[in-house]
Amino acid sequence: MAPRAYWKGSLKLSLVSCPVVLYPASTSVEKTRFHMINKETGNRLKQQMIDAETGEVVESDQKGRGYELKKGQYVEIEKEELEAVQIESNHTIEIDSFVPRDEIDKRYYNHPYYIAPDGKAAIDAFAVIRDAMKDEDRVALARIVLTNREHVMAIEPLGKGLLGTTLRYPYELRDEGDFFDDIKTPKITKDMVELAGHILQTKAAHFDPSQFKDEYEDALKALVRRKASGKPVKVVEPEEKPDNVINLMDALKASLKGKAATKRRAHAPASRRAPARTAKKAHRSAARHRKAS
């Protein structure tokens with residue numbers, strides 16, 4: 001069953017429009033969440049808004065929005081005044097243009113949403129817009145208002161529906177030069193680059209999100225289960241990082257050698273791998289026999 005719609009309105013392409021609904025394409029429901037509690041009573045804590053100057057608790061009917069004109073001086077904006085700022089895209093996804101997909105800088109992508117037709121009467125117009133976009137193989141750029149803010153949204157076909165991803169504005173992105181300009185350009189030999197290229201080839205794969213594993217999330221769940229069952233939790237001391245400087249060429253060669261050995265073992269026939277396991281088993285058996293004697 002589909003979750004409750006996050007937004008309802010119309011998708012408009014020139015004079016063609018149809019009612020649509022938006023659903024968040026991502027969720028954090030499965031994430032392990034913690035609540036703040038009182039360690040003495042075990043009760044959950046409740047947050048309160050405190051006046052920064054008087055220190056008094058502010059009740060809900062006293063809360064408002066304010067824009068800071070200068071340090072400590074605010075102009076109050078009422079909820080009704082915000083709602084009065086009506087722009088055309090308040091209830092309409094207005095498609096402005098179509099651009100090649102590879103021209104969109106990935107840094108601009110923000111939050112994804114599924115766009116579906118709202119009711120049977122909307123299916124025909126929705127399908128026309130969707131299929132036209134498939135034929136042109138371009139991404140639509142549209143405007144939409146979500147949570148009282150206007151966003152630019154990139155829209156593209158996805159199965160029977162559409163995927164809409166809000167985009168960041170240029171002022172929301174930091175200039176990469178602030179972080180990369182100080183990176184020096186060292187002298188790297190061709191051999192090093194070729195060795196690194198061979199290592200990359202050993203890790204070549206296809207994009208498969210089903211292989212993603214959130215090891216931290218798994219560890220959190222294991223921690224909660226262990227604590228809930230009353231079992232002790234052993235705190236592991238972090239390993240100290242080695243201080244020695246490793247030769248880059250030696251590290252590349254060792255990495256490549258290790259990958260090659262792993263690959264050979266993985267593809268070795270069972271008849272060749274079995275004796276090694278048998279020998280190890282025999283060695284362990286002999287060791288246990290000596291210890292018993």
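**A barrel and the helix packed on it**

In this predicted model, 7 strands close into a barrel, in which they follow the order β1-β2-β6-β9-β8-β7-β5 and their pairing is mixed. From one strand to the next, the twist averages 40°. Helix α2 packs on this sheet, where it touches β1 (7-13), β2 (16-24), β5 (92-99), β6 (109-117), β7, β8 and β9 (161-167), and the direction of α2 makes about 80° with that of β2.

Strands of a sheet pair through backbone hydrogen bonds, and the pairing may be either parallel or antiparallel. Strand β7 (residues 139-146) pairs with strand β8 (residues 149-158) in the antiparallel sense, over 7 bridges. Within this pair, A140 has I155 of β8 as its bridge partner.

The residues F126, A127, I129, R130 and M133 of α2 are buried. Because these residues cover an arc of only 165° around the axis, they lie on the same side of α2. An α-helix has 3.6 residues a turn, so residues three or four places apart point the same way. On the face of α2 turned away from the buried side, the exposed residues are D124, V128, D135 and E136. After α2 comes D137, whose phi is positive, near 55°.

Conventions: Residues are numbered from 1 along each chain as its sequence is written. This is a predicted model: local features need pLDDT of at least 70, side-chain atom pairs count only at pLDDT 80 or more; totals for chains, interfaces and linings use all residues. Side-chain values use heavy atoms; hydrogens and water are left out. Buried means under 20% relative accessible area, exposed over 50%, partly exposed in between (1.4 Å probe, protein chains only). Helices (H or I, at least four residues) and strands (E, at least two) are DSSP runs, numbered from the N terminus. The arc is that of the directions from the helix axis to the C-beta atoms. Two strands pair if DSSP finds at least two bridges between them. Axes are lines fitted to C-alpha atoms, for helices over the stretch in contact, and angles run from 0 to 180 degrees between N-to-C directions. Contact means heavy atoms within 4.5 Å.
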